[in-house]
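The sequence and the structure are shown below.

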Amino acid sequence: MAEFLTDIETLRARARQEIDKGPVTDAYGADLGRVLQVLNEALATEIVCTLRYKRHYYTATGLYSEPVAAEFLEHAGEEQEHADKLAERIVQLGGEPDFNPDTLTKRSHAEYDESADLIQMIKEDLVAERVAIASYTEITQWLGDGDPTTRRVFEDLLAQEEEHADDLRGLLERLPKNLK
């Protein structure tokens, strides 16, 4: 374990060096370029998930569609919040959030979906949540102690993605299996 720096004059001098880097100091222990790339991939994932949920919200039809659509809308809002948190972190680290629609689906870990069947919509959203869970779990482990703040951002997103997956699984369990 490294010795804790107690010399306040040295701390102050280091804080003044490369002041334009904001929160990224010599203590930052991750590969900043790769972290920004991973953050932008997660941003694309959250934007695609927002769009998928919005589409499902607006196109859900049938007897059971109202409560399911309400869940889609709630998840869409939360996915947008995730995208906002990721974009904020990218900027904090001195990067630029990539909102380019031309490359969004290529960078996203999750896929967009145009299902018309309510059950299929739920299943596709559940698959996307499971992809995010696996991806964000791997990212938090990869970040380790190198960037604890970004790791906590992903841990918070991961917890909510797990809630979404549980919500969707619950919907599938409660809806009739032969529903169209």
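The accessible surface of the protein comes to about 10,600 Å² (Shrake-Rupley method, 1.4 Å probe), and carbon and sulfur atoms account for 51% of this surface. This is a predicted model, in which local features need pLDDT of at least 70 and side-chain atom pairs count only at pLDDT 80 or more, whereas totals for chains, interfaces and linings use all residues. Residues are numbered from 1 along each chain as its sequence is written, and side-chain values use heavy atoms, with hydrogens and water left out.

The protein holds 6 helices and 0 strands, where helices are DSSP runs (H or I) of at least four residues and strands (E) of at least two, numbered from the N terminus. The radius of gyration, taken over C-alpha atoms, is 20 Å, well over the 16 Å that the globule rule (2.2 Å times the number of residues to the power 0.38) gives for 180 residues, so the protein is more spread out than a compact globule. Of the 180 residues, 42% count as buried (under 20% relative accessible area, 1.4 Å probe, protein chains only).

The structure contains 3 aromatic pairs, with ring centres within 6.5 Å; planes under 30 degrees apart count as stacked, over 60 as edge-to-face and the rest as tilted. Two of the pairs are tabulated here.

| Pair | Class | Centre to centre | Plane angle |
|---|---|---|---|
| Tyrosine 53 and phenylalanine 72 | tilted | 6.2 Å | 45° |
| Tyrosine 136 and phenylalanine 154 | edge-to-face | 5.2 Å | 65° |

Tyrosine 136 lies in helix H5 (residues 118–143) and phenylalanine 154 in helix H6 (residues 148–174), so this pair ties together parts 18 residues apart in sequence. Tyrosine 53 and phenylalanine 72 are both buried.

Terms used: Buried < 20%, exposed > 50% of the residue type's maximum accessible area, 1.4 Å probe, protein only. Phe/Tyr/Trp six-rings, centres within 6.5 Å; stacked < 30°, edge-to-face > 60°.
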